[in-house]
Amino acid sequence: MGKSDFLTPKAIANRIKSKGLQKLRWYCQMCQKQCRDENGFKCHCMSESHQRQLLLASENPQQFMDYFSEEFRNDFLELLRRRFGLCKVDETPKGWYIQYIDRDPETIRRQLELEKKKKQDLDDEEKTAKFIEEQVRRGLEGKEQEAPVFTELSRENDEEKVAFNLNKGASSSTATSSKSSSLGPSALKVIEATASVKRKEPSHSSAQSKEKKKKKSALDEIMEIEEEKKRAARTDYWLQPEIIVKIITKRLGEKYHKKKGIVKEVIDKYTAVVKMIDSGDKLKLDQTHLETVIPAPGKRILVLNGGYRGNEGTLESINEKTFSATIVIETGPLKGRRVEGIQYEDISKLA
């Protein structure tokens, strides 16, 4: 088609097709690619990239189906939440719950009446409760309070035992005074010394607890809490841009098996666009088809999972028996920290 054919009906139709919505029958869901017509879709199905993607999907078809289902669910709920304004979307233990919001004026009026009636019922209950409390208070005030009766401590027989009632404050004071009258001065000194020691014990223990608390500063406690949270925050995805990975699947042939590449882009946390180091080819792979690369000691690495996720560091040594490594953090607030026992799958070489 020459320059003079720019305004022909065929040229105009082609431009409209390229800008407008295409037919779903010419859309490849596996590669997420839209073709313009039947011929383009046929050529795409015969391409090497499409065949390679089919091989990867056949290895774990359920995973791809779950991914597409989750993508549809998220987009559908986002559309309901932001644009319609007619539904309430909630996630419950039984699943997603969608409730239609009725905008009918009559329905709104009935809802307001119900709310008003509920509020009135609550006010009546509060009034009844206050009335009952007032009646109880008046009944208690009407009763005559019994005054304590004090009697002298007298003992006709020397062999008779003296009993004290320590249930009330008044009787306890009476008992104390009576004890002081019957006991000798030496016994009173022993009792007072014991009581003073008992009074000092709580203050001494509280002082020790304060000293223990002062040993750890607030910053140290905060750092310990944050590190504990990070250790527990492990995820099932680990891909990060600009790391070197190795292809472990055999479905792509010997050309790519056990070859290394650089992750250029991470899609939806579990899929990576990998550029091969040898050939420069770009492949779209799932993280189950990749593994991390452990460099030589002294090289730079990136922590991919665990408490130090996202921090860059230097590999110090490798323990082949426990399949772990020792690293030194070089970025973030924990710069300079030496960490032992990092698993192989939690770190990878930086490009």
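Buried means under 20% relative accessible area, exposed means over 50%, and partly exposed lies in between, using a 1.4 Å probe and protein chains only. This is a predicted model, in which local features need pLDDT of at least 70, side-chain atom pairs count only at pLDDT 80 or more, and totals for chains, interfaces and linings use all residues. Residues are numbered from 1 along each chain as its sequence is written, and side-chain values use heavy atoms, with hydrogens and water left out.

**Aromatic pairs**

Rings of Phe, Tyr and Trp (its six-membered ring) pair if their centres lie within 6.5 Å; planes under 30 degrees apart count as stacked, over 60 as edge-to-face and the rest as tilted. The whole structure holds four aromatic pairs. Phe68 is buried, because its relative accessible area is 15%. Tyr67 has 24%, so it counts as partly exposed.

Phe72 and Phe76 form a stacked pair, 6.1 Å centre to centre, with 15° between the planes. Both lie in helix H4 (residues 61-84), four residues apart, about one turn of the helix. Helices (H or I, at least four residues) and strands (E, at least two) are DSSP runs, numbered from the N terminus. Phe72 is exposed at 60% relative accessibility, while Phe76 is partly exposed at 37%.

Contact means heavy atoms within 4.5 Å. The table leaves out neighbours within four places in sequence.

| Residue | Relative accessibility | Contacts |
|---|---|---|
| Arg52 | 17% | Leu252, Tyr256, Lys282, Leu283 |
| Gln287 | 10% | Asp236, Tyr237, Trp238, Leu239, Lys269, Tyr270 |

Arg52 sits in helix H3 (residues 48-59). Gln287 sits in the loop between strand S8 (282-286) and strand S9 (290-292). Why does Gln287 count as buried? Its relative accessibility is 10%. Gln287 and Val266 are 21 residues apart in sequence, and their C-alpha atoms are 9.9 Å apart in space.

**A nonpolar patch**

Which residues make a nonpolar surface patch of about 400 Å²? They are Leu79, Phe84, Leu86 and Tyr100. Patches use residues with over 30% relative accessible area and no salt bridge; like charges are joined within 9 Å, and nonpolar side chains (Val, Leu, Ile, Met, Phe, Trp, Tyr) within 5 Å. A salt bridge is a side-chain nitrogen of Lys or Arg within 4 Å of a carboxyl oxygen of Asp or Glu. Tyr100 lies in strand S4 (residues 95-100). Tyr100 is exposed, because its relative accessible area is 56%.

Methods. Areas by Shrake-Rupley, 256 points an atom, 1.4 Å probe, with all protein chains shown as cover.
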